[in-house]
Amino acid sequence: MVQLILIFMSMVLVNNFVLSQFLGICSFLGVSNKMDSATGMGGAVIFVMVLAELVTWPIQQLLNKFDIGYLQTVVFILVIAALVQFVEMFMKKYMPSLQKALGIFLPLITTNCAVLGVAILSINNNYTYIQSIVNAFGAGVGYFVAMVLFAGVREEKLWDESGVPAAFKGMPMILISATILSLSFMGFTGLFQ
Amino acid sequence: MAKKSKLQILTNGLIKENPVLVLLLGTCPTLATSTSLINGIGMGLSTTAVLICSNIVISLLRKVIPDKVRIPCYIVVIAGFVTVVQLLLEGYAPSLYKSLGLFIPLIVVNCIILGRAEAFANKNTVIDSALDGIGMGLGFTLTLSVMGSIRELLGMGTLAGVQVLGSWFTPIGFFLLAPGGFFVFGILIVLVNLITKGKALKGKSFGCAACPMYNSCTGEEPRIIDPADTGLEQKGAEA
């Protein structure tokens with residue numbers, strides 16, 4: 001139990017997927033301009049990560065059994081893509097309100113490297129089924145935290161856009177604020193080991 | 001759309017449409033694997049190899065693949081080549097394989113590869129697609145090498161493992177860590193903006209909306225990011 005808590009906390013704070021492992025940067029920088037979309041995307045990522053982990057871990061055991069573990073990449077990406085499609089169709093029919101909240105983000109997640117990343121990472125670390133699910137949940141929560149914090153920074157407009165030199169406007173300024181956020185997460189290094 | 005010459009296709013990806021610094025695609029591997037020059041070049045060349053092969057195959061199959069299921073087909077082709085590269089690296093360059101780690105299988109979800117398949121290879125001839133793959137791949141490799149050099153030089157005082165700066169230099173560990181990656185990337189974009197005098201800024205957008213895949217990916221109108229500031233139409237017309 002203690003180990004599960006450790007895995008969870010380390011994924012949220014120390015090894016935060018976005019801010020210290022550089023996974024899911026595209027969506028982190030692209031969708032964090034509004035708080036609503038940041039929370040929606042974060043929620044959808046948590047959901048898909050846990051779901052993908054539930055499915056990919058048994059599949060890897062199956063692949064190992066037949067000694068074709070090298071097919072991991074091909075199989076995982078197809079399974080995740082199909083899963084996302086399926087979940088979207090299911091939600092459209094049976095849970096329209098949830099679909100409204102998360103739906104538009106779901107297709108974007110198929111090519112989000114964080115989802116495939118967490119599935120492969122759990123396998124590489126030789127986690128048990130329970131551990132890998134906790135790992136995926138922690139990674140998702142970490143992504144959510146990073147998204148919400150960064151959306152907060154960007155929505156507040158902490159810097160005066162008119163005082164910024166032309167060449168720094170837009171993306172460079174966003175990257176530099178991401179630097180500072182990431183630097184503050186460095187403070188958690190060594191918290192658990 | 002004016003017909004481009006072979007040379008133009010090849011050099012397009014190097015500077016004018018540099019996939020990382022101008023189109024802002026594939027940021028994850030760029031930030032994560034550019035901690036040293038060797039890692040940057042290794043990652044860049046692996047991605048280039050996958051990009052060229054997948055561009056050629058997808059271009060060959062462009063009349064065979066039904067339009068509706070083209071994205072899964074592309075993903076299978078790309079994932080196949082990624083597995084080949086992964087096994088080759090594991091066999092012949094184990095130390096590089098170890099330091100790139102998770103990011104080798106993640107070449108599959110690199111936006112650049114799927115983006116070029118969708119935006120270029122499924123509309124153009126095999127030779128043009130191969131040239132486009134080479135150009136884009138080298139543009140990616142170039143950016144990673146530059147970033148890798150800067151971070152390695154400032155973070156460790158070495159270049160490709162060789163001591164360059166003398167003992168007077170105190171390595172700045174910051175540049176090897178995650179925040180250093182964001183910082184160097186930001187500064188590089190500033191430099192590109194300065195060199196191109198802001199021309200590269202125009203019609204440029206970021207994130208999923210910038211991805212050439214975006215429309216086929218969601219199947220609906222872009223709602224997350226204001227369509228006015230995406231410049232998506234402009235990009236589509238250009239490509």
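This is a predicted model: local features need pLDDT of at least 70, side-chain atom pairs count only at pLDDT 80 or more; totals for chains, interfaces and linings use all residues.
Helices here are DSSP runs of type H or I with at least four residues, numbered from the N terminus.

- A:Asp67 isn't a glycine, yet its phi is positive, at about 65°.
- Is A:Asp67 buried or exposed? A:Asp67 counts as exposed because its relative accessibility is 65%, and the cut-off for exposed is over 50%.
- A:Phe22 also has a positive phi, near 60°, and is a residue other than glycine.
- You'll find A:Phe22 in the loop between helix H1 (2-14) and H2 of chain A.
- A:Phe22 has a relative accessible area of 5%, so it is buried; the cut-off for that label is under 20%.

**A nonpolar patch on chain A**

- A:Phe86, A:Met89, A:Phe90, A:Tyr94, A:Met95 and A:Leu98 make up a nonpolar surface patch of about 630 Å².
- Which helix gives the most to this patch? That's helix H4 (residues 72-94) of chain A, with 4 residues.
- A:Phe86, one of the patch residues, is found in helix H4 of chain A.
- A:Phe86 counts as exposed because its relative accessible area is 53%.

**Where chain A meets chain B**

- The contact takes 45 residues from chain A and 45 residues from chain B.
- For chain A and chain B, the buried area is about 3,900 Å², and carbon and sulfur atoms give 83% of it.
- How many salt bridges are there between chain A and chain B? The count is 0.
- Across the interface of chain A and chain B, there are 2 residue pairs in polar contact.
- On the side of chain A that touches chain B, at least two residues each come from helix H2 (25-30), H4, helix H6 (106-110), helix H7 (113-124) and helix H9 (171-185) of chain A.
- H9(A) gives the most to that side of chain A, with 8 residues.

**A quick stop in chain B**

- B:Leu87 has its place in helix H4 (residues 70-92) of chain B.
- With a relative accessible area of 44%, B:Leu87 is partly exposed.
- B:Leu87 and B:Tyr97 are 10 residues apart along the chain, and their C-alpha atoms are separated by 9.3 Å.

Definitions and conventions. Residues are numbered from 1 along each chain as its sequence is written. Chains are lettered from A and ligands numbered from 1 in the order in which they are written. Side-chain values use heavy atoms; hydrogens and water are left out. Patches are made of residues with over 30% relative accessible area and no salt bridge: like charges are joined within 9 Å, nonpolar side chains (Val, Leu, Ile, Met, Phe, Trp, Tyr) within 5 Å. Accessible areas come from the Shrake-Rupley method with a 1.4 Å probe; for residues, only the protein chains shown count as cover. A salt bridge is a side-chain nitrogen of Lys or Arg within 4 Å of a carboxyl oxygen of Asp or Glu. Buried means under 20% relative accessible area, exposed over 50%, partly exposed in between (1.4 Å probe, protein chains only). Contact means heavy atoms within 4.5 Å. Buried area is the accessible area (1.4 Å probe) that two parts lose on being put together, summed over both. A polar contact is a pair of N or O atoms within 3.5 Å; within protein, one must be able to donate a hydrogen and the other to accept it, and residues adjacent in sequence count only if both atoms are side-chain atoms.
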